[in-house]
Amino acid sequence: LYSPIQKVTLQTGATWVASPNPAVSEVFISSNRNTSRVAAVRLTQASGKVVGTLPNATGQMPFRVKRDAKWAAGLYFAELLDANGMIIERLKILFE
């Protein structure tokens, strides 16, 4: 029913996981390393339109992204942002 969990390995050795993926109503993003650099999580559609933000994410683990009822099924990106708004990592999430 689900595809394999997506893993992304950064040069720092951190592995980020978005699960379940694909998801129906929510997805959890976690890492095997310290996540203190992550200040916020931004969710965008494949077109780049921002549909949601999890502000003040520092110290939270895992990051929980809940699907809004207005979001259509499809491909989204979870962007992990540092305190300056720079993207640390980008994960693909498929909402069914």
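**Salt bridges, core and sheet: a reading lesson**

Tutor: Let's start with a count: there are 3 salt bridges here, where a salt bridge is a side-chain nitrogen of Lys or Arg within 4 Å of a carboxyl oxygen of Asp or Glu. Keep in mind that this is a predicted model, so local features need pLDDT of at least 70 and side-chain atom pairs count only at pLDDT 80 or more, while totals for chains, interfaces and linings use all residues. Residues are numbered from 1 along each chain as its sequence is written, and side-chain values use heavy atoms, with hydrogens and water left out.

Student: What does Glu-26 pair with in a salt bridge?

Tutor: The general idea is that side chains of opposite charge can pair when their charged atoms come close. Here Glu-26 meets Arg-64, at 2.7 Å from N to O. Glu-26 sits in strand E3 (residues 26-31) and Arg-64 in strand E6 (residues 63-66), so the pair ties together parts 38 residues apart in sequence. As for labels, strands (E, at least two residues) and helices (H or I, at least four) are DSSP runs, numbered from the N terminus.

Student: Is Glu-79 buried or exposed?

Tutor: The scale goes like this: buried is under 20% relative accessible area, exposed is over 50%, and partly exposed lies in between (1.4 Å probe, protein chains only). Glu-79 is buried, at 5% relative accessibility. Glu-79 forms a salt bridge with Arg-42 at 2.7 Å, N to O. Glu-79 belongs to strand E7 (residues 74-81) and Arg-42 to strand E4 (residues 40-45), so that pair ties together parts 37 residues apart in sequence. Arg-42 is partly exposed, at 23%.

Student: Which residues are linked with Glu-79 in a network of salt bridges?

Tutor: Arg-42 and Arg-90 join Glu-79 in that network. The salt bridge between Glu-79 and Arg-90 is 3.0 Å, N to O. That pair links E7 to strand E8 (residues 87-95), 11 residues apart. Arg-90 counts as partly exposed, at 41% relative accessibility.

Student: How many residues does the largest nonpolar core have?

Tutor: In soluble globular proteins, nonpolar side chains tend to be buried together. A nonpolar core is a set of buried Ala, Val, Leu, Ile, Met, Phe, Trp, Tyr and Cys residues joined through side-chain atoms within 4.5 Å. The largest one in this model has 19 residues, and those with the most contacts inside it include Ile-29, Val-41 and Phe-95. E2, E3, E4, E6, E7 and E8 each supply at least two of its residues, and E8 gives the most, with 4.

Student: What does Val-41 touch?

Tutor: Contact means heavy atoms within 4.5 Å. Leaving out residues up to four places away in sequence, Val-41 touches a list that includes Ile-29, Phe-63, Ala-78 and Glu-79.

Student: And the sheet: what is the strand order?

Tutor: Two strands pair if DSSP finds at least two bridges between them. The open sheet of 4 strands runs E5-E4-E7-E8, with antiparallel pairing. Strand E5 (50-54) and E8 are the edge strands, each pairing on one side only. E4 and E7 pair over 6 bridges, and Leu-43 stands opposite Ala-78 in E7.

Student: Where are the cis peptide bonds?

Tutor: For this feature, look at omega. Ser-19 and Pro-20 are joined by a cis peptide bond with omega about -10°, and so are Asn-21 and Pro-22, with omega about 15°. Pro-20 is in the loop between strand E2 (15-19) and E3, and Pro-22 lies in the loop between E2 and E3.
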